Structure formats: C-alpha cells, structure tokens
Amino acid sequence: MIDTIVLMLKQNMFTILDHSKFNPSTSELYNSVGLGGQLYKKCVQNPTRDELKRGIYKPRLTVTKRVSRQGFYEITLRIEFSAPKLLYENNFDELVDSNFMEVVARLKIVLRNMGVGIFESSLVNAP
C-alpha cells in the first residue's frame, strides 16, 4: 500500500507565491546572497493545531538553502504527505496506480493554497 510520499524538488521546479506562509519567511532565502555563516537554512510550513483539530489535511513543506557539491547555493522544496489522506482524509482506503493523476491534481491545488506554485509535470517527474 502506498502511504507516505516524500518529493524533493529543485528550485526550477516550483515557485514560492507567498513567502510569509513559511516559518521563518522564505524571502530571506531568496533575498540574501549567502547563508550568514551557517551550513544551511530551512523554512517550514506544517499544518497548525487548529487545522488538525478541524480535520484539514496538508502536506509538510520544507524549503532549504544550502551549498551544493559544486559550490553553488541551491534551494530545494521537500514535500511530505500521505497520499490516502490527501484524497480520502484517512489512511484506510488504499490507492491504486489509476489514482496517480488524481493525487497529482489534488496536491497541486493544496500546494497553491499553501503558497507554492508548481506545474503538474514537475510533480509527475519529481524525484
């Protein structure tokens, strides 16, 4: 059964539409040249306690800026989510291969509401 999925997207595969939805704001990652002496910087967006109480399911997002092996700064987006919860709001209903594009379409909508713009093709081809 497919449950928790983790996608890692490179900077050219997504756009942050609302930096303020992340803690701390992702604008720091894009507006600063370096990392201020740190090895990496990360900004997260997780469902709030209120959202969890109300049964609103959202993926956990982490935007990270670090120095790549080639010595360049790279920004990545990590998306962690439960595919059954995304579609059915529970972990009991199993998904099958034919649900793939439905999961992609739903994830795209949820991410846009979370302030992240992404093309379906980026989700389909994401590592």
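**Entry 1: order of elements**

I read the secondary structure along the sequence and got the pattern β-β-α-β-α-β-β-α-α-β-α. I was working from a predicted model. The tally is five helices and six strands.

**Entry 2: overall form**

Next I looked up the radius of gyration, which is 15 Å. The globule rule gives 14 Å for 127 residues, so the protein is as compact as a globular protein of that length. I also noted the span of the C-alpha trace along the principal axes: about 45 × 30 × 20 Å.

**Entry 3: contacts and surface**

I took the contacts between residues at least 6 apart in sequence. Of these, 52% join residues at least 24 apart. Then I turned to burial: 38% of the 127 residues count as buried. The protein exposes about 8,000 Å². Carbon and sulfur atoms supply 51% of that area.

**Entry 4: Asn99**

Where does Asn99 sit? I found Asn99 in the loop between α3 (83–88) and α4 (100–113). Is Asn99 buried or exposed? Its relative accessibility is 9%, and the cut-off for buried is under 20%, so Asn99 counts as buried. I then set aside the neighbours within four places in sequence. Asn99 is in contact with Leu87 and Tyr88.

**Entry 5: Phe100**

I moved on to Phe100, which is in helix α4. Phe100 has a relative accessible area of 42%. That value lies between the 20% and 50% cut-offs, so Phe100 is partly exposed. I also looked for a surface patch here. Phe100, Met101 and Val124 make a nonpolar one of about 260 Å².

Note on methods:
Residues are numbered from 1 along each chain as its sequence is written. This is a predicted model: local features need pLDDT of at least 70, side-chain atom pairs count only at pLDDT 80 or more; totals for chains, interfaces and linings use all residues. Side-chain values use heavy atoms; hydrogens and water are left out. Helices (H or I, at least four residues) and strands (E, at least two) are DSSP runs, numbered from the N terminus. Buried means under 20% relative accessible area, exposed over 50%, partly exposed in between (1.4 Å probe, protein chains only). Contact means heavy atoms within 4.5 Å. Patches are made of residues with over 30% relative accessible area and no salt bridge: like charges are joined within 9 Å, nonpolar side chains (Val, Leu, Ile, Met, Phe, Trp, Tyr) within 5 Å. Accessible areas come from the Shrake-Rupley method with a 1.4 Å probe; for residues, only the protein chains shown count as cover. A salt bridge is a side-chain nitrogen of Lys or Arg within 4 Å of a carboxyl oxygen of Asp or Glu. The radius of gyration is taken over C-alpha atoms; the globule rule is 2.2 Å times the number of residues to the power 0.38.
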